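Me: I am new to this structure and would like to go through it with you. Could you put it up?

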Amino acid sequence: MFNVKSLLWSMALVGCLQFSCTAQEPKTEELPAPTRSGGKPIMEAFNNRHTERKFLNDKQIPKQILSNLLWATWGVNRDDGRHTAPTAKNNQEIEVYVAKADGLWRYDPANNALVLFQAGDARLGRFKEAPVMFYYVAPDNDHWAPMHVGSLYQNAGLYCASVGLGNVVLGSVDKEINAKYTFPKGWVAIAAQAFGWPEGTKRIDPSKMPKNPGRGPAIPSGVDIKK
Ligand SMILES: Cc1cc2nc3c(=O)[nH]c(=O)nc-3n(C[C@H](O)[C@H](O)[C@H](O)COP(=O)(O)O)c2cc1C
């Protein structure tokens with residue numbers, strides 16, 4: 001005979017199982033607290049900033065360096081939740097996704113952690129020798145998004161210059177990333193940046209630089225700066 005009570009219990013059990021599946025917390029990787037002091041003086045970092053496209057194979061980026069890099073790029077640097085980069089009207093509509101050999105992770109700046117978005121090697125084919133890539137993700141057709149991305153990749157590039165890490169900004173891989181991943185809420189990848197230890201260094205010795213390289217005298221002759 002049709003037993004209403006057992007049917008209800010079965011439905012409740014299925015509901016519970018479904019709920020426990022959907023409510024499952026995504027895998028999270030905690031990052032060590034970022035080192036928020038030290039490094040090269042800012043002018044030396046500007047002096048060292050440059051693009052690298054060839055990285056040492058198999059040389060990983062230590063977790064502490066990754067944490068510092070993420071914090072420099074888009075970390076929270078004030079108690080009110082604001083970041084190391086500015087955003088229009090403080091809308092904070094930009095996310096950093098971290099592509100590694102073990103998956104694509106979303107950087108959670110408030111908790112200084114990585115949240116697994118999708119498992120599997122997330123780096124782009126021709127940048128597999130770079131241990132880490134960042135995908136800069138923002139709302140589709142957002143007027144401000146490219147400006148926000150520019151601030152973030154410059155922060156990242158300056159941190160790299162400070163510690164001798166190589167990096168290249170990649171502006172033409174957005175279609176490839178968006179074909180591979182569906183980001184939430186209509187957000188899309190705008191650009192990427194690959195990171196790794198450079199095959200060779202291209203340091204410029206500041207003492208050997210001309211005072212105003214290629215730009216002539218800082219103050220043209222005949223100009224009175226006191227006026
Ligand atoms: C918005 C943007 C997009 C870029 N896209 C690429 C790219 O798709 N591939 C690449 O190899 N380099 C790319 N670059 C790196 C530039 O080629 C590099 O910054 C430029 O040659 C100047 O070199 P420098 O960074 O050493 O000053 C990009 C840079 C920017 C700012």
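Me: By class, what does the shell around the ligand have?
Reply: The shell around the ligand has three nonpolar, four polar and one charged residues. Here Ala, Val, Leu, Ile, Met, Phe, Trp, Tyr, Cys and Pro count as nonpolar, Asp, Glu, Lys and Arg as charged, and the others, Gly among them, as polar.

Me: Which residues are around the ligand?
Reply: They are His 50, Thr 51, Arg 53, Val 168, Val 169, Leu 170, Gly 171 and Ser 172. A residue is taken as near a molecule if its C-beta atom, placed from the backbone, lies within 6 Å of it.

Me: And the model itself?
Reply: This is a predicted model, in which local features need pLDDT of at least 70 and side-chain atom pairs count only at pLDDT 80 or more, while totals for chains, interfaces and linings use all residues. Residues are numbered from 1 along each chain as its sequence is written.

Me: In what order do the strands of the sheet come?
Reply: Seven strands form an open sheet in the order β1-β4-β3-β2-β5-β7-β6, with antiparallel pairing. Strands (E, at least two residues) and helices (H or I, at least four) are DSSP runs, numbered from the N terminus, and two strands pair if DSSP finds at least two bridges between them.

Me: Which are the edge strands?
Reply: β1 (28-30) and β6 (166-170), each of which pairs on one side only.

Me: How many bridges join β5 to β7?
Reply: Eight bridges join β5 (residues 132-139) to β7 (residues 187-196). Val 132 stands opposite Phe 195, and Tyr 136 opposite Ala 191.

Me: What does helix α3 touch on the sheet?
Reply: Helix α3 (residues 63-74) packs on the sheet, touching β2 (95-100), β3 (103-108), β5 and β7. Contact means that the C-beta atoms of two residues, placed from the backbone, lie within 7 Å.

Me: Why is α3 called largely enclosed?
Reply: Ten of its twelve residues are buried, so α3 is largely enclosed by the rest of the structure. A residue is buried if 20 or more other C-beta atoms lie within 10 Å of its own, exposed if 12 or fewer, and partly exposed in between, with C-beta atoms placed from the backbone. Trp 71 and Trp 74 are among the buried residues of α3.

Me: Is β5 mostly covered or exposed?
Reply: β5 is mostly covered, with seven of its eight residues buried.

Technical notes. Axes are lines fitted to C-alpha atoms, for helices over the stretch in contact, and angles run from 0 to 180 degrees between N-to-C directions.
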